[in-house]
Amino acid sequence: QMQLVESGGGLVQAGGSLRLSCAASGRTLSTYAINWFRQAPGKEREFVAGISWSGSTKVYADSVTGRFTISRDNAKKVAYLQMNSLKPEDTAVYYCNAGPALRATGGSWGQGTQVTVSS
């Protein structure tokens with residue numbers, strides 16, 4: 001069984017940047033797609049970004065395209081979400097998921113990390 005731990009969240013002003021990390025233990029990360037999702041208060045969890053097991057394919061939600069970048073380091077068993085030009089509407093709990101496909105919600109979840117963007 002794989003365990004995922006997110007980190008890197010925090011409070012930042014609009015226009016600022018944060019880099020989230022998703023560290024895996026218990027199993028190799030290299031055979032799984034990694035997806036980031038987020039959930040704002042009162043809203044459903046939504047897809048943010050995904051990267052294939054090899055890193056060759058990356059997909060993004062329209063709302064973050066051009067501002068967020070997903071990456072991974074399979075040797076270190078870590079995935080990242082670089083978030084630039086943050087907006088107040090990016091405020092949410094961010095979760096990483098390791099699973100069989102891009103945009104999929106199956107597989108293992110982390111506990112989430114809070115991102116708060118002040119205006």
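1. Let's start with glutamate 44, which lies in the loop between E4 and E5. The labels come from DSSP: strands (E, at least two residues) and helices (H or I, at least four residues) are DSSP runs, numbered from the N terminus. Glutamate 44 is exposed, with a relative accessible area of 69%. Here exposed means over 50% relative accessible area, buried under 20%, and partly exposed in between (1.4 Å probe, protein chains only). Leaving aside residues up to four places away in sequence, glutamate 44 touches Arg38 and Gln39; contact means heavy atoms within 4.5 Å.

2. A word on what you are looking at. This is a predicted model, in which local features need pLDDT of at least 70 and side-chain atom pairs count only at pLDDT 80 or more, while totals for chains, interfaces and linings use all residues. Residues are numbered from 1 along each chain as its sequence is written, and side-chain values use heavy atoms, with hydrogens and water left out.

3. Proline 41 also has its place in the loop between E4 and E5. With a relative accessible area of 74%, proline 41 is exposed. To get a sense of distance, look from proline 41 to glycine 107: their C-alpha atoms are separated by 23 Å, and the two residues are 66 apart along the chain.

4. As background, strands of a sheet pair through backbone hydrogen bonds, either parallel or antiparallel.

5. Now zoom in on the pairings, where two strands count as paired if DSSP finds at least two bridges between them. E1 and E3 run antiparallel and are joined by five bridges; valine 5 stands opposite alanine 23 in E3. Strand E3 (residues 18-25) also pairs in the antiparallel sense with strand E8 (residues 78-83), over six bridges.

6. The structure holds one disulfide, meaning a pair of cysteine sulfur atoms within 2.5 Å. Which residues does the disulfide join? Cysteine 22 is joined to cysteine 96, with an S to S distance of 2.1 Å. The pair links distant parts of the chain, with cysteine 22 in strand E3 and cysteine 96 in strand E9, 74 residues apart. The link is right-handed, with 65° about the S-S bond. Cysteine 22 is buried at a relative accessible area of 1%, and cysteine 96 is buried at 0%.

7. Asparagine 97 lies in strand E9 (residues 92-99). Is asparagine 97 buried or exposed? Asparagine 97 is buried, with a relative accessible area of 0%. A polar atom of the asparagine 97 side chain lies 3.0 Å from the backbone oxygen of glycine 106. Not counting residues up to four places away in sequence, the residues that asparagine 97 touches include Leu4, Phe37 and Trp109.

8. Next, the largest nonpolar core, which has 28 residues. A nonpolar core is a set of buried Ala, Val, Leu, Ile, Met, Phe, Trp, Tyr and Cys residues joined through side-chain atoms within 4.5 Å. Leu4, Trp36, Val48, Phe68, Leu81, Met83 and Tyr94 touch the most other members. E3, strand E4 (33-39), strand E5 (46-51), E7, E8, E9 and strand E11 (113-118) each supply at least two residues of this core. Leucine 4 has contacts with, among others, Cys22, Cys96 and Asn97, not counting residues up to four places away in sequence.

9. Last, two backbone angles to check. Lysine 77 is not a glycine, yet has a positive phi of about 60°. Lysine 77 sits in the loop between E7 and E8 and is partly exposed at 26% relative accessibility. Arginine 103, also a residue other than glycine, has a positive phi near 70°. Arginine 103 is in the loop between E9 and strand E10 (108-109) and is partly exposed at 46% relative accessibility.

Methods:
A polar contact is a pair of N or O atoms within 3.5 Å; within protein, one must be able to donate a hydrogen and the other to accept it, and residues adjacent in sequence count only if both atoms are side-chain atoms.
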